[in-house]
Amino acid sequence: MERTRGNVISREQCPSCNDKGRDNLIIYDNGSKHCHACSHHVFADDEEQEGIIAMNPDLIRGHCTDLGSRGITKTTCEHFNYEVGKNKKGEVVHIANYFNDKGEKVAQKIRGKGKKFSALGDTTQALLFGQQLYSPKDNVFITVVEGELDALSVAEAQGKHFPVVSIPSGAGGAKRELSKHLEYLSKFKHVVLLFDQDEAGQKATAECIDLFEPGKVRIAKIPLKDANDMVKAGRAAELRSALFNAKEVRPTGLLSIKDILEDGLEPPTMGIPWGFSKLDEITYGMQRGAVYTICAGSGSGKTIFLRDVVASLVLNNNVKCVVMSFEQTSKDVLLRMAGYKMNKILHRPDATFNIEEVERELSSFEGKLFIHNNADLPTPESLYNKLRYYVKYTGAQVITIDNITALAASMKDERQGIDKMMAELGKIAVELNLTVIVVSHLAKPEGKSFEEGKTITASSLRGSQSIMFWSSMILGLERNKLAEEESERNTLTIRVLKDRMTGEADGKTVQLRYDTDTGKLSEWIELDAEDII
């Protein structure tokens, strides 16, 4: 419909765009007012309204008033043409008027009691609520909220000259609606998204971020559910501050120096002791949030080494541990732990011991050592949730997995299975601030076998290079169990294959001696010649 306004009688400053020239708002002789800069419009009388209603017979009429229970004034309602009236059933409703790009009223969103909404008119032509009031400016930001009452609330809090619009269809349609008006929104300095602080609102926020070019979007956070709640609670100043201090969206995981310093810097510290002083010296102990891999040939002593490490953690350092062993029964694990405490070998068939004494010694591990039932062989997918649950339930700082090859065996492609598991274990270790010790098998070598004491290298690891990539440290355990000399058979060499922290331990070795009487490992003691009598 062609709008007839009458003759121009004067010009004045537009209350919407606050033009510096103070002449954007044209006053017509029929009483109507219109700004040709931002399309702000004031109807003259019922004639104009009647004309619009005639063009859109579904539309209804109302009047602007204070919304006392919402903390919104009549002036703000007039600015946005937000009215109160009656629907065709005679019920009192709120009327949010929507305009097209020509400044014509084309649709209405009706809000009844109980948040019952309906739409009237031609919504396909409608702009965002309030969009007709603001021309884009590259030195001003625009705020986007979920609902009309939130838009009125933002205007009430920060002044009507700061642009604010709302989407007509709630959080679920946010991405669709903003996509239609992306060109308009992108012409502002930046766009502040202030959707409801509930799950739906935050999901919509995440979806809308990707619509804009990097650096264009800011996210505002408020302590209450939405902007209107803030105004009703008398916290308009906080709302205003949240908008002006909205944070620029950055790629996930990207931190500035300020972000990091907010948590405070702490000097590096020694990790959890291995239980062998020379190994602690060259590795600085076991760090939290890291994966340590132990690899060895069959029967080379990795089970004994891992048992001694865990027992020392529990008994000497009061560290809670979970043992996941898929090659031993839970009772076998317990007997080995008790044997460590009692300096005896208890897990062999020829062992003799007093049951009551063993149970008494095992009480030292109670509440600090937890054992996974090896009858429950988890799938790689279920393993990750088990680790999270075990840490939450036990408070464990260290979890051992012996061995990762057994878990990957159930997969069609063992190499891909190990790839995925090592990647997930690396993430979980950081997520839970957990030390994960993984045992891995070695690939069959050419020539001399590992059982004959062959030197282990990184290429000896079974599976893909993911073990090398995700492990903070890799220890190769070497022993010539076929040697003629008993002392050589009982010597276990620990070779550092990877040291991510400093790289200084790469290639270094530590020798341990196996005591056939106690079943324990101990470090070789190097004596000077003058110490020998």
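Which residues of H12 are buried? First, some housekeeping: this is a predicted model, where local features need pLDDT of at least 70, side-chain atom pairs count only at pLDDT 80 or more, and totals for chains, interfaces and linings use all residues. Residues are numbered from 1 along each chain as its sequence is written, and side-chain values use heavy atoms, with hydrogens and water left out.

**Entry 1, helix H12.** I looked up burial (buried is under 20% relative accessible area, exposed over 50%, partly exposed in between, with a 1.4 Å probe and protein chains only). In H12 I get Asp332, Val333, Arg336, Met337, Ala338, Gly339, Tyr340 and Met342 as buried. Helices and strands here are DSSP runs numbered from the N terminus (H or I, at least four residues, for helices; E, at least two, for strands). I then checked what covers those H12 residues, and the cover includes helix H11 (302–317), strand S16 (321–325), helix H13 (355–362) and strand S17 (369–371). For length, I used an expected span of 1.5 Å times one less than the number of residues. The 13 residues of H12 (330–342) should span 18 Å, and the end C-alpha atoms are 18 Å apart, which agrees. Just after H12, Asn343 has a positive phi of about 60°.

I find Pro380, Leu383, Tyr384, Leu387, Tyr390, Val391 and Thr394 buried in H14. They cover an arc of only 130° around the axis, which puts them on the same side of H14; the arc is taken from the directions from the helix axis to the C-beta atoms. On the face turned away from that side sit the exposed Asn385, Tyr389, Lys392 and Tyr393.

I count 8 of the 9 residues of S21 (491–499) as buried, so the strand is largely enclosed by the rest of the structure. S20 (473–478) runs antiparallel to S21 with 6 bridges, and Leu477 stands opposite Ile494. On S22 (509–514), also antiparallel to S21, I see 5 bridges, with Leu492 opposite Leu512.

Mean pLDDT (the predictor's confidence in each residue, from 0 to 100) is 85 for the protein chain, and 90% of its residues reach 70 or more. Over residues 527–533 the pLDDT is below 50, and this stretch has 0 contacts (heavy atoms within 4.5 Å) beyond near neighbours in sequence. Where pLDDT is low, the predicted coordinates should not be read in detail.

Notes. Two strands pair if DSSP finds at least two bridges between them.
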